[in-house]
Amino acid sequence: MDDRRQFSRILFAATAFLRQGKQKWNTRILDLSLNGALIEKPQGAELSTEQVTLNFSLPDSDIELNMEAELVHDEATKLGLKCLNIDVDSISHLRRILELNIGDASLLNRELALFVEAHDTSND
């Protein structure tokens, strides 16, 4: 497989909720990037091509992050999500988590600029 990721990923174990329409499942995050997440596939989840929402709290905190995403790959036990929309507070917290784990602020700043450029809807 050709792996040309533009965003650094970090291992991140946290419980989360995945929502699609009126459905809601418990799941676990396996890794995170500015542009998405890899999560455990919830048992019994039958996802459509509709957008999903991933919600999780930072461990030992009441800080909640919310990400609207699309399903980009569906494996037997894992789901890959690509971020479509994330609020300012959530992206700020996500950036800080990544910064603490990557340890390279300049790399993260470049990735953040790439993320903003890819998600800038003012040019549409």
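## Strand β4, an enclosed strand

Strand β4 covers residues 52-57. Five of its six residues are buried, so the strand is largely enclosed by the rest of the structure. Buried here means under 20% relative accessible area. This picture comes from a predicted model.

## Neighbours of β4

What pairs with β4? Strand β1, residues 10-20, is one partner. β1 and β4 are joined by four bridges, in the antiparallel sense. Look for R19: it stands opposite T53 of β4.

Strand β5, residues 64-74, is another partner. Six bridges link β5 to β4, and the two strands run antiparallel. Here L54 has M67 of β5 as its bridge partner. Strands of a sheet pair through backbone hydrogen bonds.

## The turn between β4 and β5

β4 and β5 also form a hairpin. Six residues lie between the two strands. One of the turn residues, D60, has a positive phi of about 55°.

Six strands close into a barrel, with antiparallel pairing. Their order is β1-β2-β3-β6-β5-β4. From one strand to the next, the twist averages 45°.

Notes: Residues are numbered from 1 along each chain as its sequence is written. This is a predicted model: local features need pLDDT of at least 70, side-chain atom pairs count only at pLDDT 80 or more; totals for chains, interfaces and linings use all residues. Side-chain values use heavy atoms; hydrogens and water are left out. Buried means under 20% relative accessible area, exposed over 50%, partly exposed in between (1.4 Å probe, protein chains only). Two strands pair if DSSP finds at least two bridges between them. Axes are lines fitted to C-alpha atoms, for helices over the stretch in contact, and angles run from 0 to 180 degrees between N-to-C directions.
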